[in-house]
Amino acid sequence: MSLRVMSFWKKFRTIVITGASSGIGAAFVPKLREKCPDAHIYGLSRRVPAEGETVDYEAISVDLTDLTGLQRLEEDFSRIFRNGPVLLINNSGYGLYGPFSPQDVDKHLNMIDLNVKAPVWMVGKALPWMRREGGAIINVASTAGFQPTPFLSTYGATKAFLLHWSMGLHYDLKKDGIRVLALCPGPTATDFFKRAGFEGKVVPDAFGQTSEEVVQAALRALEKNRSLVVSGWKNKMLMAVSSKLPKAFGTAVSARVLAKIRQ
Ligand SMILES: NC(=O)c1ccc[n+]([C@@H]2O[C@H](COP(=O)([O-])OP(=O)(O)OC[C@H]3O[C@@H](n4cnc5c(N)ncnc54)[C@H](OP(=O)(O)O)[C@@H]3O)[C@@H](O)[C@H]2O)c1
């Protein structure tokens, strides 16, 4: 690691990761612990560690879709943001698999609250501090954000929002010296698919990535001040093709692929 890269990581005093309780969010913790030895790491999610379970971060229990929870979190921020630059990782999120159905509308709205509203809220609340003290932001979008995703329509649309919003913010916040990265993992072996309503093994070993590989790609991209990273060369190739397809054709291809993944 060059001296410049080392000093980029060493400056962080506070790291806030939403959804550090599992999957990709959990994989950020040990890597950042190595790179940012002076930082205090906070993990924000609903589940707090069970008795006897040890985690290498301070857990704050919050449902990021709940207004009262967010208001309580705002009070916590005066304690969390105490000194120096902050790294904010908006990672909490989930998907819902299946054709859109009116019975599920509340679930879809809850997903929009978590995948879209919460990251906007978090950035809005952290930004005044970051402007004064410095900071960086990683928003976990997805390769699902590159094209419409039938059977995962709302999920894909939330990730398209995060992808475009983050890349826009990258420029908006340049003058403040705040780096913003859109992280787009493809299929990754986590609890995501089970929570989304898939059954059985969805990610074939030859195609999927591990959370650690995704995190590695994110940290390298942030070091280079990229606005976007698609993790993994297979995903990169797929997205290079998929983003060039005419929208309606790309949607039809994506429908064929996603219809095959049975519940
Ligand atoms: N796995 C993939 O294939 C894949 C691909 C592309 C993008 N992603 C994205 O990666 C991110 C992380 O997902 P993952 O794959 O690591 O899945 P995961 O293991 O299911 O992790 C999801 C995280 O979100 C948190 N969360 C869920 N509901 C929440 C709420 N209401 N308030 C606060 N936190 C909440 C969960 O914590 P609690 O349950 O403790 O609240 C958990 O830590 C998501 O944004 C997902 O869309 C995943």
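Biologist: Which residues form a nonpolar patch on the surface, and with about how much accessible area together?

Modeller: The model is predicted. Its nonpolar surface patch is made of Phe-100, Val-105, Leu-109 and Ile-112. Together these residues have an accessible area of about 340 Å².

Biologist: Is Leu-109 buried, partly exposed or exposed?

Modeller: Leu-109 sits in helix 4, residues 105-133. Its relative accessibility is 46%. Buried would require under 20% and exposed over 50%, so Leu-109 counts as partly exposed.

Biologist: How much of the accessible area of the ligand does the protein cover?

Modeller: A backbone N or O atom of Leu-64 lies 2.9 Å from a ligand nitrogen, and one of Asn-91 lies 2.7 Å from a ligand oxygen. The side chain of Ser-92 has an N or O atom 2.9 Å from a nitrogen atom of the ligand. On its own the ligand has 890 Å² of accessible area, and the protein covers 97%.

Biologist: Which helix gives the largest share of the shell around the ligand?

Modeller: Helix 2 (23-35), helix 5 (153-172) and helix 6 (192-196) each supply at least two residues of the shell. The largest share is 3 residues, and it comes from helix 6.

Biologist: How many residues of the shell around the ligand are charged?

Modeller: The ligand is surrounded by 30 residues, with Arg-46, Asn-91, Tyr-155, Thr-188 and Thr-190 the closest. Of the shell residues, 11 are nonpolar and 13 polar. The number of charged residues is 6.

How values were computed:
Residues are numbered from 1 along each chain as its sequence is written. This is a predicted model: local features need pLDDT of at least 70, side-chain atom pairs count only at pLDDT 80 or more; totals for chains, interfaces and linings use all residues. Side-chain values use heavy atoms; hydrogens and water are left out. Patches are made of residues with over 30% relative accessible area and no salt bridge: like charges are joined within 9 Å, nonpolar side chains (Val, Leu, Ile, Met, Phe, Trp, Tyr) within 5 Å. Accessible areas come from the Shrake-Rupley method with a 1.4 Å probe; for residues, only the protein chains shown count as cover. A salt bridge is a side-chain nitrogen of Lys or Arg within 4 Å of a carboxyl oxygen of Asp or Glu. Helices (H or I, at least four residues) and strands (E, at least two) are DSSP runs, numbered from the N terminus. Buried means under 20% relative accessible area, exposed over 50%, partly exposed in between (1.4 Å probe, protein chains only). A residue is near a molecule or strand if one of its heavy atoms lies within 4 Å of it. A polar contact is a pair of N or O atoms within 3.5 Å; within protein, one must be able to donate a hydrogen and the other to accept it, and residues adjacent in sequence count only if both atoms are side-chain atoms. Ala, Val, Leu, Ile, Met, Phe, Trp, Tyr, Cys and Pro count as nonpolar, Asp, Glu, Lys and Arg as charged, and the others, Gly among them, as polar.
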